[in-house]
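Subject: A structure for you to explore

Hi there,

Here is the structure I promised to pass on to you. Have a look around it first, and then read my notes below with the model open beside you.

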There are 2 protein chains.
Amino acid sequence: MSSSLTPAIDQLVRCLRYLPGVGAKTATRMALNLLERDQGRAADLAIAISDALTRVKRCSRCQNFCEAELCSICESPKRDDRVLCVVESPTDVLAIEQTSDYSGRYFVLMGHLSPIDGIGPEDIGVDKLKQLLQESAVSELILATNPTVEGEATAHFIAHIAKDLNIPVSRIAHGIPLGGELGMIDSGTLSHALQGRKPFA
Amino acid sequence: MSSSLTPAIDQLVRCLRYLPGVGAKTATRMALNLLERDQGRAADLAIAISDALTRVKRCSRCQNFCEAELCSICESPKRDDRVLCVVESPTDVLAIEQTSDYSGRYFVLMGHLSPIDGIGPEDIGVDKLKQLLQESAVSELILATNPTVEGEATAHFIAHIAKDLNIPVSRIAHGIPLGGELGMIDSGTLSHALQGRKPFA
């Protein structure tokens, strides 16, 4: 007895598994759902994927996703040119934008240094970042790479370059998240929180 | 400050939200992942969706998904023509096939009766099922619709038709799932389990 449907559906299931967090069961459910429900929506999804692949490129200044030469943030005259925030991915830009607390510019590395995967400085655009730092009047470089081993290594690498150019560098704070409980927090975060303590306002 | 990326990515996020169980955050993560990682895979997904939409149709006998006139189960000479199992969707066929316990044929309703949504007997192919029952030598009709209000109503409706044709009808058992604990089971399931009790082997 077969445990598969048709070759076209099997192929669709295989392709849906490329999506993050989607396993065999979820992919099957998604594939059947796309075919069972409104098929117009499935066609829309296929078009949206092709469209995004054709139209979306990298901003020539900050490497973020955009559809023109520059992304909307790099193009905006309202943003503060003196502050530059380095992040790993466009998701991080979205997350920071949603805080409404930052009005500077960004530089999106599109990854992090990872020698084991063969990802060196040139792959994440460090040359471009260096050039940007030399050409523009950045008075603070905020390192907002992830607090992982690779993210920290990337932060150190970039901090070194910025210091050579005499640009002050800061790192976003690591500590107890709001609503977090001390007893539940891992010791790494807790020691960051202790070392990063500030005078009580 | 914008909380969106580019129009093409926004459209992709909107379309990914059609997928079952995918909300705004997951859709954004999926969209960026499709663009950041191997773009060939994203293109493959777009092609797989279009392909499935073009090639997949309904089996002319059992209404299951297939790519030819008949699905692989209807075409197989090894299946028992005397037993017909009525299910709501192709997922249910897959689930039953995976038990390796059933060797009869299927009829896939592609839904259930739901007057409130305007879904009547003709929309789920009850006419076709009736014709199939009249033409073939079915000696047992197994009703495997879901144990929901609509699934039960659909089962009753079909049972009525089969009884008019003097075909014995059975319903799959409802009760405690294997590994389930009595204390955690809802009372509806528990009363089904009690009513459906069998002599201890």
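In helix α2 of chain A, the residues Thr28(A), Leu32(A) and Glu36(A) meet Pro90(B), Thr91(B) and Leu94(B) of α5(B); contact here means heavy atoms within 4.5 Å. Helices are DSSP runs of H or I with at least four residues, strands are runs of E with at least two, and both are numbered from the N terminus. By class, this contact of α2(A) with α5(B) divides into three nonpolar, two polar and one charged residues. For these classes, Ala, Val, Leu, Ile, Met, Phe, Trp, Tyr, Cys and Pro count as nonpolar, Asp, Glu, Lys and Arg as charged, and the others, Gly among them, as polar.

Before you go further, please keep in mind that this is a predicted model: local features need pLDDT of at least 70, side-chain atom pairs count only at pLDDT 80 or more, and totals for chains, interfaces and linings use all residues. Residues are numbered from 1 along each chain as its sequence is written, chains are lettered from A and ligands numbered from 1 in the order in which they are written, and side-chain values use heavy atoms, with hydrogens and water left out.

Back to the helices. Two packed helices are described by the angle between their axes and the distance between the axes. Helix α2 of chain A (residues 24-36) and α5(B) pack at about 145°, with axes 10 Å apart. The axes are lines fitted to C-alpha atoms, for helices over the stretch in contact, and angles run from 0 to 180 degrees between N-to-C directions. Now look at helix α5 (residues 90-99) of chain A and helix α2 (residues 24-36) of chain B: their angle is about 145° and their axes lie 10 Å apart. Here Pro90(A), Thr91(A) and Leu94(A) meet Thr28(B), Leu32(B) and Glu36(B).

How are the two chains related? Chain B can be laid on chain A with an RMSD of 0.1 Å by a turn of 180° and a shift of 0.0 Å along the axis, which is the relation of a two-fold axis. In chain B, the C-alpha nearest that axis belongs to Ala46(B), 2.2 Å away from it. The same surface serves both copies, since 100% of the contact residues of chain B recur in chain A. The copies were superposed by least squares on the C-alpha atoms of residues with pLDDT of at least 70 in both.

Next, the interface as a whole. Chain B has 56 residues in contact with 56 residues of chain A. The area buried between the chains is about 5,100 Å², and carbon and sulfur atoms give 75% of it; buried area is the accessible area (1.4 Å probe) that two parts lose on being put together, summed over both.

One to look up joins Arg55(B) and Asp51(B), at 3.1 Å from N to O. These residues are four apart in helix α3 (residues 39-55) of chain B, so about one helical turn separates them.

Finally, the sheets. In chain A, four strands form an open, parallel sheet in the order β4-β3-β5-β6; two strands pair if DSSP finds at least two bridges between them. At its edges stand β4 (104-108) and β6 (169-171) of chain A, each with a single partner strand, so one side of each has no neighbour in the sheet. The twist averages 25° from one strand to the next. Strand β3 (residues 80-87) of chain A pairs with β4(A) over five bridges, and Asp80(A) has Gly104(A) as its bridge partner. Helix α5(A) packs on this sheet, touching β3 and β4 of chain A, and its direction makes about 160° with that of β4(A).

Chain B also has an open sheet of four parallel strands, in the order β4-β3-β5-β6. Four bridges join β3(B) to strand β5 (residues 140-143) of chain B, with Leu143(B) as the partner of Val86(B). Three bridges join β5(B) to β6(B), where Leu143(B) has Arg171(B) as its partner.

Enjoy exploring!

Best wishes

Terms used. Salt bridge = Lys/Arg side-chain N within 4 Å of Asp/Glu carboxyl O.
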